[in-house]
Amino acid sequence: MRWPQAPFGKALLRRRLRLAAQRFADHGWAVTPGGYFNGRRMACDRVNCFATSSHPLFDDWEARTSTSSEQFDEWWSERPHALLLPTGHAFDVLEVPALLGSRAVCGPPTGPGRATSAGHVRGPVAVTAAGSWMFLMRSGGTLAPELDHRVDVVRHSLGSWIPAPPTVLPDGPIRWKVSPQSIGWQLPDPDEFQAALVQALVALDASFLDLPVTARRRLAPPALPRPAGLKPTPTLRRAV
């Protein structure tokens, strides 16, 4: 599904993006602008750029991040440019499928007569309309072995970035599942957070194996092995 138009007027969306950039900057999180959704694709008005998905506005975007209010006024003066958060400095990000992300945050589904599960992870979480959950965590550490082999788990660190709310992409707007403000801008420890993800992954795998064989055949396997030696290219890989 392709989002036909911005859910807000362009002027209002620009103001919301500008204000969000300032909130990040006030907490030491530098930002950089990206392409804007023009109704068909993420455009940046560069004649030699043919990218259609989310991408930085500048080729040298790593050198053009900012926390300056004056710079924000310039960047968001005409276009509702995507609001991109560079990773590997103030925080890293783990991008995971929605099923795994929701299990890590909310626990297993509940039903009538069952107690609601407390959240397993407390940290900022942004979600995309395409079904990705992006968990912000403190920088450092390595990816857990249980997650490293999966093609549906991507770690964004130095040299990468994520689109942040209220950016609008072709599939729809980015939104906060857990906003930084709601938890006092605290970031989870990367090892503790990954342990929660691994626990959720084990539970999902067990649930999958408990299904009847006919049901399992109708579902995609919960993980696909990454070919040996293949690693994602963070600055080019943007499926959202």
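**Notebook: helix H1 and its surroundings**

I began with helix H1, residues 10-26: its 17 residues reach 24 Å from first C-alpha to last, close to the 24 Å expected at 1.5 Å a residue. I note that this is a predicted model. Just after H1, I found Gly28 with a positive phi of about 80°.

**Confidence**

I looked up the pLDDT next. The chain has a mean of 82, and 76% of its residues reach 70 or more. One is residues 3-7, with 13 contacts beyond four places in sequence. Another is residues 110-119, for which the model has 11 such contacts.

**What H1 packs against**

Which residues of H1 are buried? I listed Leu13, Leu17, Arg18, Ala20, Ala21, Gln22, Phe24 and Ala25. These buried residues pack against helix H2 (69-75) and strands E4 (83-86), E10 (168-169) and E12 (175-178).

**Cores**

I then looked up the largest nonpolar core, which has 35 residues. Phe24, Trp29, Val31, Trp76, Leu83 and Leu85 have the most contacts inside it. At least two residues of this core come from each of H1, H2, E4, strand E7 (132-137), strand E9 (161-163) and E10. H1 supplies the largest share, six residues. I also noted a second, separate core of 22 residues, with Ala104, Phe135, Met137 and Ala200 among them.

I checked Trp76 on its own.

**Salt bridges**

My search of the whole structure gave seven salt bridges.

Asp73 and Arg18 meet through their side chains at 2.8 Å, N to O. Asp73 is in helix H2 and Arg18 in helix H1, so this pair ties together parts 55 residues apart in sequence. Is Arg18 buried or exposed? Arg18 is buried, because its relative accessible area is 16% and buried means under 20%. Asp73, at 46%, counts as partly exposed.

Asp45 pairs with Arg79, with the closest N and O atoms 3.4 Å apart. Asp45 sits in the loop between strand E3 (42-43) and H2, and Arg79 in the loop between H2 and E4, 34 residues apart. Arg79 is partly exposed at 34% relative accessibility.

Asp92 pairs with Arg155, with the closest N and O atoms 2.7 Å apart. Asp92 lies in strand E5 (residues 92-97) and Arg155 in strand E8 (residues 154-156), so the pair joins parts 63 residues apart in sequence. Asp92 is buried at 2% relative accessible area, and Arg155 counts as buried at 17%.

Definitions and conventions
Residues are numbered from 1 along each chain as its sequence is written. Side-chain values use heavy atoms; hydrogens and water are left out. Helices (H or I, at least four residues) and strands (E, at least two) are DSSP runs, numbered from the N terminus. The expected span of a helix is 1.5 Å times one less than its number of residues. Buried means under 20% relative accessible area, exposed over 50%, partly exposed in between (1.4 Å probe, protein chains only). Contact means heavy atoms within 4.5 Å. pLDDT is the predictor's confidence in each residue, from 0 to 100. A nonpolar core is a set of buried Ala, Val, Leu, Ile, Met, Phe, Trp, Tyr and Cys residues joined through side-chain atoms within 4.5 Å. A salt bridge is a side-chain nitrogen of Lys or Arg within 4 Å of a carboxyl oxygen of Asp or Glu.
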